[in-house]
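Trainee: Please put the model on screen. I would like to go through it piece by piece.

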Amino acid sequence: WESDYIVPNMAFLRHELEVSAADFKILLSHQFVQDKERFSSSQISDFKELVQDFKVNYVINGHKHNPGVGKVGEAIQLTAGASYKGQLLILTIKADEIGHEFIKL
């Protein structure tokens, strides 16, 4: 395991989402929080519930080198990927919208 801390720290995430006044909610992590080899079923379930409860827009992770797109409940899940794979993730946030695209390098 890569951390001596509670990962994911659900109490911290819940608190930050509760006090956030942001129009868009984005969660970033190094690891994909739905990875069954790293996280327990209860951790994955709790994370999905948190994403739903706070209407998170994006869940973005790194670690894996291949870029990817998926879903965590209603949230868009993005794996940023590694630039040496020839793609770069661009996240665009405007006053009334949020979007993403992968561009070829």
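Trainee: Where is the place of Asp46?

Mentor: This is a predicted model, in which local features need pLDDT of at least 70, side-chain atom pairs count only at pLDDT 80 or more, and totals for chains, interfaces and linings use all residues. Residues are numbered from 1 along each chain as its sequence is written, and side-chain values use heavy atoms, with hydrogens and water left out. Helices (H or I, at least four residues) and strands (E, at least two) are DSSP runs numbered from the N terminus. In that numbering, Asp46 has its place in helix 2.

Trainee: Does Asp46 count as buried, partly exposed or exposed, and what is its relative accessibility?

Mentor: Buried means under 20% relative accessible area, exposed over 50%, and partly exposed in between (1.4 Å probe, protein chains only). Asp46 counts as partly exposed, because its relative accessibility is 39%.

Trainee: Which residues of helix 1 (residues 10–19) are buried?

Mentor: An α-helix has 3.6 residues a turn, so residues three or four places apart point the same way. In helix 1, the buried residues are Met10, Leu13 and Leu17.

Trainee: What do the buried residues of helix 1 pack against?

Mentor: The face turned away from the buried side carries the exposed residues Ala11 and Val19. Packing is judged by contact, meaning heavy atoms within 4.5 Å. By that criterion, the buried residues of helix 1 pack against strand 1 (26–29) and helix 2 (41–53).

Trainee: Which strands stand at the edges of the sheet?

Mentor: Two strands pair if DSSP finds at least two bridges between them. The open sheet has 4 strands in the order 1-2-4-3, with mixed pairing. An edge strand has a single partner, so one side is left without a neighbour in the sheet; this applies to strand 1 and strand 3.

Trainee: By how many degrees are neighbouring strands of this sheet turned against each other on average?

Mentor: Axes are lines fitted to C-alpha atoms, for helices over the stretch in contact, and angles run from 0 to 180 degrees between N-to-C directions. For neighbouring strands here the direction is ignored, and the average is 20°.

Trainee: Which residue of strand 4 is the bridge partner of Asn61?

Mentor: Strand 2 and strand 4 (residues 75–79) run parallel and are joined by 4 bridges. In strand 4, Asn61 is partnered by Thr79.

Trainee: Which residue takes a positive phi in the hairpin of strand 3 and strand 4?

Mentor: These strands pair in the antiparallel sense over 5 bridges, and Gly70 has Gln77 as its bridge partner in strand 4. The hairpin has 2 residues between the strands, and the positive phi, near 60°, belongs to Gly73.

Trainee: What phi does His63 have?

Mentor: His63 is in the loop between strand 2 and strand 3 (68–72). The residue is partly exposed, with a relative accessible area of 35%. Its phi is positive although it is a residue other than glycine, with a value near 65°.

Trainee: Which side chain is joined to that of Gln31 by a polar contact?

Mentor: Gln31 is in the loop between strand 1 and helix 2 and is buried, at 9% relative accessible area. A polar contact is a pair of N or O atoms within 3.5 Å; within protein, one must be able to donate a hydrogen and the other to accept it, and residues adjacent in sequence count only if both atoms are side-chain atoms. At 3.1 Å, the side chain joined to Gln31 is that of Arg38.
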